[in-house]
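Please consider the two-chain model shown here. The briefing that follows treats each chain in turn, then the contact between the chains and the nonpolar core.

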Amino acid sequence: MRRLIFLAPIVLFAIVVAGFALGLRRDPSLLPSTLIGKPLPSFSLPPVDPKAPGLTSADMTGGSPRLLNVFGSWCVSCRYEHPVLMALKSQGVAIEGLDWRDSRADATRFLAAEGNPYERIGDDEAGRTVIDLGVAAAPETFIVDRQGRVRYKQVGPITPEVWTSTLAPLMARLKSE
Amino acid sequence: MTRLIATLLAVLALAGPALAVLPSEQLSNPKLEARARKIGAELRCLVCQNETIDESEAPLAGDLRVLLRQRLVAGDSDQQAIAYIVARYGHFVLLQPPFEPDTLILWLGPFLVLVLGGVGVAAMARRAQPEGPSPAPLTPDEEAALARRLEADRV
């Protein structure tokens, strides 16, 4: 029995190793959103294209659950994500866009060249709405339910894998809620 | 030469940390600006996560500096301004984590380890004490034998 005490340092070491093995593998840029389960903060943004409607938080309530995608024409990962959004649009997924710290000319050129997956786009040139949403880096995508509450935040680009494994099941569940 | 060195030292002494706070962002009211600097040094830039928002060149850090100053001008206390940003980005923006249930292990963990180590050391110290009565003193014969051995060794 007394001999067992000599195992204590080894056990302690194993615990520390396990802690580091789990902790160091976590991506420190993935921060939990403070908005999960809460209504989207209210905002009202002008459009990028003067002829199109802008985007307000009221647009995000009612109807079907939808995605709110924070993007910018300057954002490399957004370009990587863009074909996925176009594919989702063709599947009938409702996507709203929030154009972050962008010039209207650049955003218009980007969407003309790559296609426009968004039903509405809000132009957040000053970056204030993006701060209210707690966004750290584009792209980030919020899943908003019928009641306008944030249910999930995807940090980084939506890949086909992320969509099928995480986002699509959640969207299906929210649709039936 | 000494004058040159003295000048260089004086310049070095005046040099502060490299801050990214732009002149256009700064407030004309020096008291408010000083408060903004103090708070800015405690908030983490979400983009370059080990820099404060005052040190970071990231556009988001600039937006946060401007927002912070707007809150202070609007009459927020330091706590209110910090709470405003924490409400949006969570406690992660605070470079010094608050003392609360989530962070108990972080704050008290070192003391827990210290106490555990102290208990271990105390247990070992108690065990190191000789057990049972001390051995009987040497008999005269043994004393003589010991003296002989020591004498033989000395040669």
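The secondary structure of chain A comprises 5 helices and 7 strands, where helices (H or I, at least four residues) and strands (E, at least two) are DSSP runs numbered from the N terminus. Chain B, by comparison, has 6 helices and 0 strands. The model is predicted: local features need pLDDT of at least 70, side-chain atom pairs count only at pLDDT 80 or more, and totals for chains, interfaces and linings use all residues. Residues are numbered from 1 along each chain as its sequence is written, while chains are lettered from A and ligands numbered from 1 in the order in which they are written.

**Chain A**

- Along the sequence, the elements of chain A follow the order α-β-β-β-α-β-α-β-α-β-β-α.
- The radius of gyration of chain A is 21 Å, whereas a compact globule of 177 residues would have a value near 16 Å; the radius is taken over C-alpha atoms, and the globule rule is 2.2 Å times the number of residues to the power 0.38.
- The C-alpha trace of chain A spans about 80 × 35 × 30 Å along its principal axes.
- In chain A, 36% of the 177 residues count as buried. A residue is buried if 20 or more other C-beta atoms lie within 10 Å of its own, exposed if 12 or fewer, and partly exposed in between, with C-beta atoms placed from the backbone.
- Of the contacts in chain A with a separation of 6 or more, 75% are between residues 24 or more positions apart; two residues are in contact if their C-beta atoms, placed from the backbone, lie within 7 Å.

**Strands β3 and β4 of chain A**

- Strand β4 (residues 95–100) of chain A is mostly covered, with 5 of its 6 residues buried.
- Strand β3 (residues 66–71) of chain A pairs with β4(A) in the parallel sense over 5 bridges; strands pair if DSSP finds at least two bridges between them.
- Leu68(A) has Glu96(A) in β4(A) as its bridge partner.

**Chain B**

- Chain B reads α-α-α-α-α-α along its sequence.
- A compact globule of 155 residues would have a radius of gyration near 15 Å, but the value for chain B is 33 Å.
- The C-alpha atoms of chain B fill a box of roughly 95 × 60 × 25 Å along the principal axes.
- Buried residues make up 17% of the 155 residues in chain B.
- Among contacts in chain B between residues at least 6 apart in sequence, 48% join residues at least 24 apart.
- Helix α1 (residues 2–14) of chain B has 13 residues and reaches 18 Å from its first C-alpha to its last, close to the expected 18 Å, a span defined as 1.5 Å times one less than the number of residues.

**Contact between the chains**

- In the interface, 13 residues of chain B are in contact with 11 residues of chain A.
- On the chain B side, the elements giving two or more residues are α3 (59–73) and α4 (78–89).
- The largest share of that side, 5 residues, comes from α3(B).
- By class, the chain B side has 9 nonpolar, 2 polar and 2 charged residues. Ala, Val, Leu, Ile, Met, Phe, Trp, Tyr, Cys and Pro count as nonpolar, Asp, Glu, Lys and Arg as charged, and the others, Gly among them, as polar.

**Nonpolar core**

- The largest nonpolar core has 50 residues, and those with the most contacts inside it are Val70(A), Val130(A), Val144(A), Leu64(B) and Leu68(B). Such a core is a set of buried Ala, Val, Leu, Ile, Met, Phe, Trp, Tyr and Cys residues joined through C-beta atoms within 7 Å.
- Helix α3(B) gives the largest share of this core, 6 residues.
- Leu68(B) touches Ala36(B), Ile39(B), Gly40(B) and Ala81(B), not counting residues up to four places away in sequence.
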